[in-house]
Amino acid sequence: MEARESLQCREDPDAWFVEGLRQADAEALCEGCSFLDVCRAFALGRPELFGVWGGTTRRERERLRRAGVRAVVVARPA
């Protein structure tokens with residue numbers, strides 16, 4: 001992976017701070033990102049974060065935290 005990989009969250013940061021149905025659009029932008037697991041782990045460790053991080057909404061992260069999840073690893077085909 002190239003260190004200068006183009007990340008959609010860097011190109012349009014405002015796309016991740018949405019509410020309602022637009023959150024699904026923001027979550028879809030995370031699909032396929034090579035930093036998804038790192039981003040999700042970062043977000044789960046910081047309960048004050050708003051917006052979509054690591055393909056999860058604030059409420060999804062709250063549910064994961066209550067369930068005792070510290071990091072979520074997404075299995076990807078090789």
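Colleague: Which conventions apply to the numbering and the values?

Modeller: Residues are numbered from 1 along each chain as its sequence is written, and side-chain values use heavy atoms, with hydrogens and water left out. The model is predicted, so local features need pLDDT of at least 70 and side-chain atom pairs count only at pLDDT 80 or more, whereas totals for chains, interfaces and linings use all residues.

Colleague: How many helices and strands are in the protein chain?

Modeller: Helices (H or I, at least four residues) and strands (E, at least two) are DSSP runs, numbered from the N terminus. The protein chain has four helices and zero strands, and its pattern along the sequence is α-α-α-α.

Colleague: What share of the residues counts as buried?

Modeller: Buried means under 20% relative accessible area, exposed over 50%, and partly exposed in between (1.4 Å probe, protein chains only). Of the 78 residues in the protein chain, 24% are buried. The accessible area, from the Shrake-Rupley method with a 1.4 Å probe, is about 5800 Å² for the chain, with 54% supplied by carbon and sulfur atoms.

Colleague: Where is V52, and which residues does V52 touch?

Modeller: V52 is in the loop between α3 and α4, and V52 counts as buried because its relative accessibility is 2%. A contact means heavy atoms within 4.5 Å. Leaving aside residues up to four places away in sequence, V52 touches W16, Q23, A26, E27, C30, T57 and R61. V52 and F17 are 35 residues apart along the chain, yet their C-alpha atoms are separated by 6.5 Å. For the protein chain, 47% of the contacts with a separation of 6 or more are between residues 24 or more positions apart.

Colleague: How much space lies in the largest pocket?

Modeller: Rolling a probe the size of a water molecule over the atoms shows where empty space is left. On a 1 Å grid over the protein atoms alone, a pocket is an open set of points where a 1.4 Å probe fits, with protein on both sides within 12 Å along at least five of seven lines; lining residues have an atom within 4 Å of a point. Grid points are joined across faces, edges and corners, and a volume is the space filled by probe spheres set on the points. The largest pocket holds about 450 Å³. It has 21 lining residues, of which L7, C9, R10, W16 and C39 are the closest to its centre. The elements giving two or more residues to this lining are α1 (8-11), α2 (22-30) and α3 (36-44).

Colleague: Which residues line the second largest pocket?

Modeller: Its lining consists of F17, V18, E19, G20, Q23, F50, G51, T57, R58 and R59, and its volume is about 230 Å³.
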